[in-house]
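Please look over the sequence and the model shown here before reading on.

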Amino acid sequence: MNASSRIPGFYKLDPESRFLKLLEFSGLPAEQLRPLQGTDVRMASIADRMIENAVGTFSIPLGVAANFLVNGIDYLVPMATEEPSVVAAASNAALIAREKGGFHTSGTDPVMIAQVQILDVADPHGARLRLLEARDELLALANAQDPLLVQLGGGARGIEVRLLESGDFRSVVLHLQVDVRDAMGANAVNTMAEALAPRIAAIARGRSLLRILSNKADLRLVRARAVFDAEKLGGPEVVDGIVDASRFAAADPYRAATHNKGIMNGISAVVLATGNDTRAIEAGAHCHACREGRYTPLSYFEKDADGNLVGTIELPLALGLVGGATKTHPAAQAAVKLLAVKSAVQLAEVTAAVGLAQNMAALRALATEGIQRGHMSLHARNVAAAAGAAESEIGALVQRLVADGHVRLDRAQQLLAEIRAESKSSPK
Ligand code: MEV
């Protein structure tokens, strides 16, 4: 009979005791499951405070992208990613952008939206106007929930009332718009939405149901642009190639999804490294890509009057500096310190610049030699290690694998055997 996954009190145990339960459940020896605990003992107790049922931590590489100049300020950008080539590509694109002054950004205030859903309203149009008339009362009630936010210059800014109809579904939805300053904002706006719901329901003469922020954070937009020198990119054909790649994404959702994935390679890596919510950012980004009813790219590339490449990006970025994992995770705190940003808006600006750089680097590779060659040497290192090469053999094996052009495990094993045979037969 299989062991049961019903383990009463599992959540009350400490991480080490939970780990022992995993051994009992799986019947596996401790060495095989040990990597689930991670190597940093101090992190295990932090993890236990961050989530439920923690047994350890999961490491992924943390790289630092160089060369970023954003609004005249230099940044070294921490990026947490498991994907080879991402950090190198971002650094390289940022180096080219520097030539023409780096990245320039703009954006909105950090305004988040909370939705309060009201059902069973007899007169939705009447309810909408009654709610709009109560704007000042509702904003004051919202602000009373978070005096500190108001003191910091944030707070509830406005309301919008929408009437939804779909089949036999009817709902009045009130949007509360809140300037959340340096927070991601979920806690602040959810608290306000829950506090306001009974009053909103009373005014609308209906019943409230959902009270939650929207990840379509389209009042919290950030934009970045940069000029990439044609010569540094490799010449006018490369510029034309990137412009054509951008047009392809604009014309085709199949391509736009991959184009945007390339952007998110950079953005999600910064979001994760700074302890922010990758899912919130990704939901917001893809929803923004669909804002006109069709999936579109988040960035565009054009050729300017001098023949250089102009890249632009716009997306919502609900990033915070003051809550969640950004506050509790030591590596996220260190990442924010390294970035030395003074506000969540500044963090969003740098992050958008990284997305644009990442995207440009991918399109440049795709429009020229393809991405496989760039991937090959890192990939070859992994294959060489998997083939059993010792640290001292990896360099030579990687060279042969890349030159050979077949970066596969079986080929690596053959080449490793050749290297070992040669070193045995060579005179000492
Ligand atoms: C791979 O992770 C990302 C790319 O596919 C992005 C793109 O195609 O633009 C290279």
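How many Å separate an oxygen atom of the ligand from an N or O atom in the side chain of Lys261?

## Polar atoms at the ligand

In this predicted model, the side chain of Lys261 has an N or O atom that lies 2.7 Å from an oxygen atom of the ligand. Arg255 likewise places a polar side-chain atom 2.7 Å from an oxygen atom of the ligand, while for Asn265 the separation between a side-chain N or O atom and an oxygen atom of the ligand is 2.9 Å. Taken on its own, the ligand has 300 Å² of accessible area, and the protein covers 85% of it.

## The shell and the pocket

The residues that surround the ligand are Glu83, Arg255, Thr258, His259, Lys261, Gly262, Asn265, Ala362, Leu363 and Leu366.

Two helices, H11 (253-273) and H15 (344-367), each supply at least two residues of the shell, and the largest share, six residues, comes from H11. The space that the ligand takes is the second largest pocket.

When its neighbours within four places in sequence are left aside, Ala89 is in contact with Gln358 and Ala361. Ala89 and Leu119 are 30 residues apart along the chain, and their C-alpha atoms are separated by 50 Å.

How values were computed. Residues are numbered from 1 along each chain as its sequence is written. This is a predicted model: local features need pLDDT of at least 70, side-chain atom pairs count only at pLDDT 80 or more; totals for chains, interfaces and linings use all residues. Side-chain values use heavy atoms; hydrogens and water are left out. A residue is near a molecule or strand if one of its heavy atoms lies within 4 Å of it. A polar contact is a pair of N or O atoms within 3.5 Å; within protein, one must be able to donate a hydrogen and the other to accept it, and residues adjacent in sequence count only if both atoms are side-chain atoms. Accessible areas come from the Shrake-Rupley method with a 1.4 Å probe; for residues, only the protein chains shown count as cover. On a 1 Å grid over the protein atoms alone, a cavity is a set of points where a 1.4 Å probe fits but cannot get out, and a pocket is an open set with protein on both sides within 12 Å along at least five of seven lines; lining residues have an atom within 4 Å of a point. A molecule sits in a cavity or pocket if more than half of its atoms lie within 2 Å of its grid points. Helices (H or I, at least four residues) and strands (E, at least two) are DSSP runs, numbered from the N terminus. Contact means heavy atoms within 4.5 Å.
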